[in-house]
Amino acid sequence: MVETVLRRLSIVVAVLGGAVVLSVIAMSLVSLLGRKLWSAPIPGDIEILEMAIAVAVASFMPLCELRDNHIRVDLIAGLLPAGVNRVLLSLSHLLLALVAALLIWRTGLLTLDSHEYGSTSTMLAVPLWIPQMLMLPGLALLCACALYQAARSLTSKPLQVPS
C-alpha cells in the first residue's frame, strides 16, 4: 500500500512539474519570437524560468528515486556479495533521505525568512517565498521515497516501477 501511494503521488507531482516545464518552454518561445520579430520580449522571462525550473526539478526527483533511476557508479559492486551490495544500496538511499531532509529544513527556513523580510525577484518583484514554498512538497516526497527505497533495498529486490 505504501508503494502504491508513493508511486501515485510521485507521478502526480512529476506530471505537475512537467506542466510547469512545458509552460515555461511556451513562455520562452513567445518571448524569443517577441524579441526577434517585434523587439518586445516578455519582461522578466528569465526570472520566471529560473523559479519555475527550480520547482520542476524538485518535482521530478521523487519519481526518479522511486524508480531507482539515479546515476550510480558501481566500480566494485560486481566484486562484492549480494548482501553487501544491498546494504550499500540501502545506505545510499538513507543518505539521500538525509540530504532531502536537510534541503527541506533549509528551504523551509529560507521560505520563512523570504516571507518575513519581503524578499522579491529583481525585475518582476515576485515574492521569493512562493517558488521556495512550492519546492517543499517535492522535497518532502523525495525524502519519503528515499526512506521507502532504503527499507525495500534491505528486505527485497529494489523497486522497479513500470513505465
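Is Cys-64 buried, exposed or partly exposed? At 25% relative accessibility, Cys-64 counts as partly exposed. The model is predicted. The structure holds zero disulfides and two salt bridges. Its largest pocket has a volume of about 340 Å³.

**Cysteines**

- There are zero disulfides in the structure. Cys-64 is in none, and the nearest cysteine sulfur, in Cys-145, is 10 Å away.
- A disulfide is a covalent bond between the sulfur atoms of two cysteines.
- The cut-off for such a pair is a sulfur separation within 2.5 Å.
- For Cys-145, the closest cysteine sulfur is that of Cys-143. The distance is 9.4 Å, which is too far for a bond.
- Cys-145 is buried, with a relative accessible area of 0%. Cys-64, in contrast, is partly exposed at 25%.

**Salt bridge Glu-3 to Arg-152**

- Glu-3 and Arg-152 form a salt bridge, with 3.5 Å between the closest N and O atoms.
- This pair links distant parts of the chain, 149 residues apart. Glu-3 sits in helix α1 (residues 2-38), and Arg-152 sits in helix α4 (residues 129-155).
- Both partners are partly exposed. Relative accessibility is 23% for Glu-3, and the relative accessible area of Arg-152 is 22%.

**Salt bridge Asp-45 to Arg-35**

- Asp-45 pairs with Arg-35 through their side chains, at 3.6 Å from N to O.
- Asp-45 belongs to helix α2 (residues 45-66) and Arg-35 to helix α1, so the bridge ties together parts that are 10 residues apart in sequence.
- Asp-45 counts as buried, because its relative accessibility is 9% and the limit for buried is under 20%.
- Arg-35 is partly exposed, with a relative accessible area of 38%.
- Side chains of opposite charge can pair when their charged atoms come close.

**Largest pocket**

- Rolling a probe the size of a water molecule over the atoms shows where empty space is left.
- The volume of the largest pocket is about 340 Å³.
- Its lining is made up of 19 residues. Arg-72, Asp-74, Asn-85, Leu-88 and Leu-89 lie nearest the centre.
- Which helix gives the most to the lining of the largest pocket? Helix α3 (residues 82-117) does, with eight residues.
- By class, the lining has 10 nonpolar, four polar and five charged residues.

Definitions and conventions: Residues are numbered from 1 along each chain as its sequence is written. This is a predicted model: local features need pLDDT of at least 70, side-chain atom pairs count only at pLDDT 80 or more; totals for chains, interfaces and linings use all residues. Side-chain values use heavy atoms; hydrogens and water are left out. On a 1 Å grid over the protein atoms alone, a cavity is a set of points where a 1.4 Å probe fits but cannot get out, and a pocket is an open set with protein on both sides within 12 Å along at least five of seven lines; lining residues have an atom within 4 Å of a point. Grid points are joined across faces, edges and corners, and a volume is the space filled by probe spheres set on the points. Helices (H or I, at least four residues) and strands (E, at least two) are DSSP runs, numbered from the N terminus. Ala, Val, Leu, Ile, Met, Phe, Trp, Tyr, Cys and Pro count as nonpolar, Asp, Glu, Lys and Arg as charged, and the others, Gly among them, as polar. Buried means under 20% relative accessible area, exposed over 50%, partly exposed in between (1.4 Å probe, protein chains only). A salt bridge is a side-chain nitrogen of Lys or Arg within 4 Å of a carboxyl oxygen of Asp or Glu.
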